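User: Hello! Could you take a close look at a single part of this model and walk me through what you find there?

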Amino acid sequence: MSRPRPRRRAGLRATVTLAFAVGALLISAVLALGTYLAARHQLVDQRERTATRQAYADAALVRDSLLTSGAEVSDVLGSISPPPGAVILLRLDGRWYSSSLDAAGPDLTDEVRPVVADGSVALAWTDETDPPSVVVGVPLPAVGGEYYEVVEAEELDRTLSTLAIALWTSAVVTTVAGALVGRAAVRQVLRPLRRVAGAATRVADGDVTTRLDAGGDPDLEPLVVAFNEMVDAVQERIERDARFAADVSHELRTPVTTLTTSLSLLEGASDLSPRTASAVALMSDELARFRLALEDLLVIGRLDAGARERDPSPVGVADLVHQSLAAASVPAEGRLEGDAAALARTVRVDRPQVVRALANLVRNATIHAGGLRRVRVVGLPGVVELHVEDDGPGVPAEERERVFERFARAGGQKVGTGSGLGLSIVRQTVVNHGGQVWCEARAGGGADFVVRLPSVGDRS
Amino acid sequence: MTRLLVLEDDVGLRRSLRLVLEDAGYDVDEASRAEEALEVVAARAPDLILVDLVLGGMDGFSFIQRVRPTTEAPIVVVSARDGVQDVVAALEAGADDYVTKPFEVPELKARLKALLRRPAMAGSERSPDADLEVVDPASGLVLDRGAALLTRAGAEVHLTHTEYRLLCVLLDHAGRVLSREALLEHVWDHSVHGDERLVDVHVRRLRKKIEPEPSSPTVLVTVRGLGYRLDVR
């Protein structure tokens with residue numbers, strides 16, 4: 001069974017553009033048609049009046065000539081000079097006389113003949129000729145005949161077709177212009193929406209300090225106010241959550257300190273039975289883990305609350321790695337690799353934060369991944385990469401992204417410092433510093449956690 | 001016997017600190033409130049004071065401010081608060097070092113030991129005059145290492161132990177730049193990842209006492225990006 005595919009709706013821009021175009025087309029078409037009809041009516045009317053006037057004058061001339069005794073009909077017709085393109089027809093005693101040899105008198109005058117026969121002047125249009133002609137019939141009762149004048153409306157036809165072309169062209173131009181105006185208008189209308197979208201994206205990316213500015217536009221004010229209120233609410237929510245985590249771990253710090261302090265007394269005691277001593281050792285190890293988890297929770301709470309506590313200063317890369325190794329209690333001898341230029345690079349970071357993040361990676365390698373192999377420093381243009389490599393089984397490709405999530409466990413095993421937060425702290429710290437962190441497979445087995453940080457004062 | 005005062009409002013931590021510190025050979029007094037601690041300081045003149053910042057009644061910052069003029073003893077803050085502002089505020093108030101909860105006991109002991117170390121005295125075979133070192137001839141600032149006394153035109157300038165030790169270290173390397181790390185190691189015995197704000201705040205405090213114009217120092221100068229230098233002319 002196939003589901004009906006949802007029809008993709010046309011976008012706002014397309015819709016508005018189309019609406020403007022159609023609107024412009026309709027308006028220009030109506031106007032053009034009106035103009036055409038009015039002009040045509042006027043021109044036809046004028047043509048008919050001219051033709052009638054001419055026909056009257058010519059008919060009077062013909063009548064007068066015919067009344068002159070002895071005049072031949074053909075001479076009479078030849079003596080009048082009809083306007084160019086006009087044909088004169090004369091019906092006398094049932095016989096047709098014409099000024100043109102090929103004029104088919106009866107056909108041309110079909111429409112007006114009955115009226116003329118009744119003794120009235122008649123006018124009609126005929127399509128027998130091309131272009132159409134106006135036929136004027138004048139009865140000549142004095143000579144018992146009918147006078148007809150057929151005038152081709154060539155000039156009128158040309159004028160009208162020129163006018164039609166002009167009007168069509170302007171209709172098309174107006175339509176296109178309408179579409180363009182529509183496009184521009186919709187772009188103008190969508191601009192604030194795009195700004196809102198951009199701001200929303202920044203908020204989604206974690207920058208909850210983003211706010212919109214209405215720029216004094218009263219129409220945008222409600223949208224901007226609503227958006228800012230929404231972000232305020234989101235920010236407050238995030239900060240409250242972050243504060244909660246921080247507050248909880250903060251409250252636990254004093255009791256944990258009491259435990260650590262008291263336990264140190266027990267550890268120092270020499271008169272413990274082996275069973276008691278191993279119990280004390282167990283407590284000590286677990287307390288150490290608990291402390292790390294507590295610190296991780298506090299750190300993540302603070303990172304969530306924003307990087308406002310960041311206090312960046314330039315630090316040498318080699319220095320950074322040495323401190324991180326020391327913080328993770330790993331001897332530095334032979335662990336640090338990289339060419340001299342790369343090691344001499346400087347990064348601008350909040351030292352305690354980044355040291356903690358790198359120490360997390362080092363500790364991760366030592367505790368969970370068969371031991372740290374080395375920390376390799378690679379200098380690239382504008383950035384420096386720190387590769388924390390281990391001798392463990394490596395991280396399966398499908399887990400490599402997931403290990404950076406909170407409380408993630410790789411292959412059913414805990415990762416990080418045991419709190420499940422270690423690698424997410426690393427990621428958040430590095431991202432806050434404008435860097436990236438990811439996991440690769442090390443050539444020859446094992447995992448390779450790569451921290452890439454922007455470097456400063458590049459000499460490369 | 002070296003006498004310590006522990007000002008901490010959490011009973012459990014106060015007791016366990018007492019146990020550990022007594023184990024390390026110190027004589028320990030306890031106080032749970034700042035007002036009480038002020039009396040103990042006056043009555044017993046402890047050699048070092050441990051202070052929590054969050055207390056009922058007067059808080060740790062105010063306590064440090066109140067007690068600082070009355071004693072040269074090092075003051076160590078032991079607090080769960082580790083925000084930049086808190087650390088700096090406590091040091092500005094007059095604390096000598098800062099330990100964040102939860103701490104490792106050996107580390108706390110090492111810090112206390114470093115702060116309680118007596119400043120190196122001049123050799124006894126040298127004549128008293130040889131102990132006198134001119135710090136700033138312009139203002140008549142003279143350090144007498146034999147008597148551990150700083151005088152300006154004959155009048156004593158009070159220094160805390162830590163300030164005195166910092167001045168001695170700077171004077172030993174007069175004219176040379178000392179990095180913040182080096183100062184941390186010489187004055188506080190801190191290992192690699194010490195807090196450099198400790199140095200900055202103490203330098204500021206020392207300047208207030210030895211510089212004629214602390215905001216534009218001429219004796220204890222900052223060397224941008226490298227550290228500090230004492231210029232003796």
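Analyst: Happy to! Helices (H or I, at least four residues) and strands (E, at least two) are DSSP runs, numbered from the N terminus. This is a predicted model, where local features need pLDDT of at least 70 and side-chain atom pairs 80 or more, while totals for chains, interfaces and linings use all residues. Residues count from 1 along each chain as written, chains are lettered from A and ligands numbered from 1 in written order, and side-chain values use heavy atoms, without hydrogens or water.

Let's stay with chain B. B:Ala153 sits in the loop that runs between strand S8 (149-152) and strand S9 (155-157) of chain B. Its phi is near 50°, a positive value in a residue other than glycine. B:Ala153 is also exposed, at 70% relative accessible area (over 50% is exposed, under 20% buried, in between partly exposed; 1.4 Å probe, protein chains only).

Now turn to another stretch of chain B. Here strand S4 (residues 75-79) and strand S5 (residues 97-100) of chain B run parallel, paired over four bridges; pairing takes at least two DSSP bridges. Within this pairing, B:Val76 faces B:Asp97 of S5(B). Together with helix H4 (residues 84-93) of chain B, S4(B) and S5(B) form a right-handed β-α-β unit: with the strands pointing away from you, the path from the first strand over the helix to the second runs clockwise.

Follow the chain onward to B:Pro102, found in the loop between S5 and helix H5 (105-116) of chain B. The peptide bond joining B:Lys101 and B:Pro102 is cis, with omega about -10°.
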